[in-house]
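Visitor: I have this one open on my screen and would like to go through it with you. Could we begin with the sheet?

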Amino acid sequence: MGQGLTLPAASTSRLIVGITGATGSIFGIRLLQALQGSGVETHVVISKWGARTLAHETSHSVDQVQAMATASYSASDQGAAISSGSFVTSGMVVAPCSMRTLAAIASGQGDNLIHRAADVILKERRKLVLAVREAPLSDIHLENMLKLSRMGVVILPPVPAFYNHPQSIDEMVDHIVMRILDQFAIHLGLTERWDGEMSAGSNPVISGSA
């Protein structure tokens with residue numbers, strides 16, 4: 001169940017965050033951290049395997065990550081507020097999004113609260129962003145992504161950028177989180193953005209014929 005918080009009757013500054021068992025728990029964690037104090041309510045659900053991967057990949061506990069959000073819910077709580085379309089939100093992001101979760105959402109299979117909440121987002125025509133994480137991708141993965149993309153879902157793999165010359169993994173993570181939040185018109189200056197200016201550094205000269 002939720003943590004007993006009394007929330008406003010209606011708010012468009014609510015974001016649902018799902019964390020599943022794919023590698024990359026840090027993306028969901030950093031997103032929650034970035035939104036603390038921003039005025040955006042965050043409602044987090046961590047799947048069973050999301051909790052397992054989180055413990056393996058990071059120094060955070062599930063309790064610590066849940067405490068970063070405005071409210072948290074058990075993945076088995078199908079009666080949670082976020083399972084209803086009458087609970088108004090700006091949308092939902094699943095970061096990272098496993099291929100199992102992708103498939104469940106694409107097929108309308110509501111095994112857990114993450115699947116159900118995503119289904120609600122789809123039926124209410126709200127923004128859904130999936131930070132899908134797998135490599136290489138099979139035909140099944142690609143077909144599921146295309147199916148959801150045609151419904152308006154944003155497929156946003158957590159691919160690092162190098163034009164901003166990241167100096168650490170943290171900077172690479174921040175850039176991806178910033179780009180995810182951009183999809184919800186939440187523009188945080190977590191890292192450098194492209195300004196159109198090319199570096200005048202020592203670039204290799206390409207010679208020879210194509």
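Guide: In this predicted model, six strands form an open sheet with parallel pairing, and their order is 3-2-1-4-5-6.

Visitor: Which strands stand at the edges?

Guide: Those are strand 3 (71-73) and strand 6 (154-155), and each has a single partner strand, so one side of each is left without a neighbour in the sheet.

Visitor: And how many bridges are there between strand 1 and strand 2?

Guide: Strand 1 and strand 2 are joined by six bridges in the parallel sense, and within that topic, Ile16 has His43 of strand 2 as its bridge partner.

Visitor: What does helix 4 touch on the sheet?

Guide: Helix 4, which spans residues 99-107, packs on the sheet by touching strand 4 (91-97) and strand 5 (127-132), and the direction of helix 4 makes about 150° with that of strand 5.

Visitor: Switching to helix 2, which of its residues are buried?

Guide: In helix 2 (residues 48-57), the buried residues are Gly50, Thr53 and Leu54. They cover an arc of only 105° around the axis, which puts them on the same side of helix 2.

Visitor: What do they pack against?

Guide: The buried residues of helix 2 pack against strand 1 (14-19), strand 2 (41-46), helix 1 (25-35) and helix 3 (62-67), whereas the face turned away from that buried side carries Lys48, Trp49 and His56, which are exposed.

Visitor: Last topic, aromatics: how many aromatic pairs are there?

Guide: The structure holds zero aromatic pairs, although Arg14 does lie over the face of Phe87, at 4.1 Å from the ring centre.

Definitions and conventions
Residues numbered from 1 in each chain as written. Predicted model: local features only at pLDDT ≥ 70, side-chain atom pairs only at ≥ 80, totals over all residues. Heavy atoms only, no water. Phe/Tyr/Trp six-rings, centres within 6.5 Å; stacked < 30°, edge-to-face > 60°. Lys NZ or Arg CZ within 6 Å of the ring centre and 35° of its normal. Buried < 20%, exposed > 50% of the residue type's maximum accessible area, 1.4 Å probe, protein only. Helix = DSSP H or I, 4+ residues; strand = E, 2+ residues; numbered from the N terminus. Arc of directions from axis to C-beta. Contact = heavy atoms within 4.5 Å. Pairing = 2+ DSSP bridges. Axes fitted to C-alpha atoms, helices over the stretch in contact; angles between N-to-C directions.
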